[in-house]
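Please keep the sequence and the structure in view while reading.

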Amino acid sequence: MRRTLVALALLAPALLGAAPGGSAETISLAGNEPGQRLDVTLTQVVDPASPAAGPTGEAEAEADGPDRLLAVRFRLENTGTAVYRDSPAPAAHLLDTTGQRFTGLNEPTTAGVNFPDTVTLDVGGTTEGFVTFRLPQDADPAAVQFALNTGLADDVGQWSLP
């Protein structure tokens, strides 16, 4: 029964029209409000990602320990008819092979620049940034998901991880 639930959790976005495969795939996603539409492209995965140095020059978090950081870079293009204003980090989720779900964070890493807490894109505007995930050292990442409206939109994109 548990395997069936895990399989359904991993396949549900694919059943909603998400593209299979890995990075560099663009998925067009609609939001819950009229005119909300983004083309979302997963462009890079950094696993493990190292914590970025804070203002004092020291790493913000321990690189070792029970958790590791994984950073995913997305390109967002507003292809809708309304201004996009949202928080990309909680809009992203990582699924591991056991079906556990991890919500994206704005935790800085050396992988590159994270999205700000709130992104505002005019129609036709484009931006790129990283979303960070904190997961157990032994977790085996299986897929990354993204949905507008802080992850609450019905239209969910999913990218499989190698």
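## Overall layout

Of the contacts in the chain between residues at least 6 apart in sequence, 69% join residues that are at least 24 apart. The model discussed here is a predicted one, and every value in this report is computed from it.

The chain contains 2 helices and 10 strands, and these follow one another along the sequence in the pattern α-β-β-β-β-α-β-β-β-β-β-β. Of the 162 residues in the chain, 44% are buried, while the chain as a whole exposes about 8,200 Å², of which carbon and sulfur atoms supply 52%.

An open sheet is formed by 4 strands in the order 1-2-3-8, with antiparallel pairing. Strand 1 (26–30) and strand 8 (126–136) stand at the edges, and each has a single partner strand, so one side of each is left without a neighbour in the sheet. From one strand to the next, the twist averages 35 degrees.

Within this sheet, strand 3 and strand 8 run antiparallel and are joined by 11 bridges.

Nonpolar side chains tend to be buried together in soluble globular proteins. In this model, the largest nonpolar core has 30 residues, and those with the most contacts inside it are Val40, Phe74, Leu76, Tyr84, Leu94, Phe133 and Phe146. At least two residues of this core come from each of strand 1, strand 2, strand 3, helix 2 (88–91), strand 5 (92–96), strand 7 (119–121), strand 8 and strand 9, and strand 3 gives the most, with 4 residues. Another core, of 5 residues, lies apart from the largest one and has Val46, Ala49, Ala71 and Phe130 among its members.

Leu94 shows how such a residue can meet several parts of the sequence: leaving out residues up to four places away, Leu94 touches Leu70, Gln100, Arg101, Phe102, Phe133, Leu135, Pro141, Ala143, Val144 and Leu161.

## Aromatic rings

How many aromatic pairs does a search of the whole structure find? The search finds 2, and one of them is the tilted pair of Phe74 and Phe146, with 5.2 Å from centre to centre and 50 degrees between the planes. Because Phe74 lies in strand 3 (residues 67–78) and Phe146 in strand 9 (residues 141–146), the pair ties together parts that are 72 residues apart in sequence.

Residues count as buried under 20% relative accessible area, so Phe74, at 0% relative accessibility, is buried, and Phe146, also at 0%, is buried. Together with Trp159, Phe74 and Phe146 form one aromatic cluster.

Most residues other than glycine have a negative phi, and most peptide bonds are trans. Against that background, the bond that joins Asp47 and Pro48 is a cis peptide bond, with omega of about 0 degrees, and Pro48 has its place in strand 2 (residues 37–49).

Asn149 is not a glycine, yet it has a positive phi of about 55 degrees, and Asn149 is placed in the loop between strand 9 and strand 10 (157–160). Thr150, which is not a glycine either, has a positive phi of about 55 degrees and is found in the loop between strand 9 and strand 10. With a relative accessible area of 34%, Thr150 is partly exposed.

How values were computed:
Residues numbered from 1 in each chain as written. Predicted model: local features only at pLDDT ≥ 70, side-chain atom pairs only at ≥ 80, totals over all residues. Heavy atoms only, no water. Phe/Tyr/Trp six-rings, centres within 6.5 Å; stacked < 30°, edge-to-face > 60°. Buried < 20%, exposed > 50% of the residue type's maximum accessible area, 1.4 Å probe, protein only. Contact = heavy atoms within 4.5 Å. Areas by Shrake-Rupley, 256 points an atom, 1.4 Å probe, with all protein chains shown as cover. Pairing = 2+ DSSP bridges. Axes fitted to C-alpha atoms, helices over the stretch in contact; angles between N-to-C directions. Core = buried A, V, L, I, M, F, W, Y, C linked by side-chain atoms within 4.5 Å.
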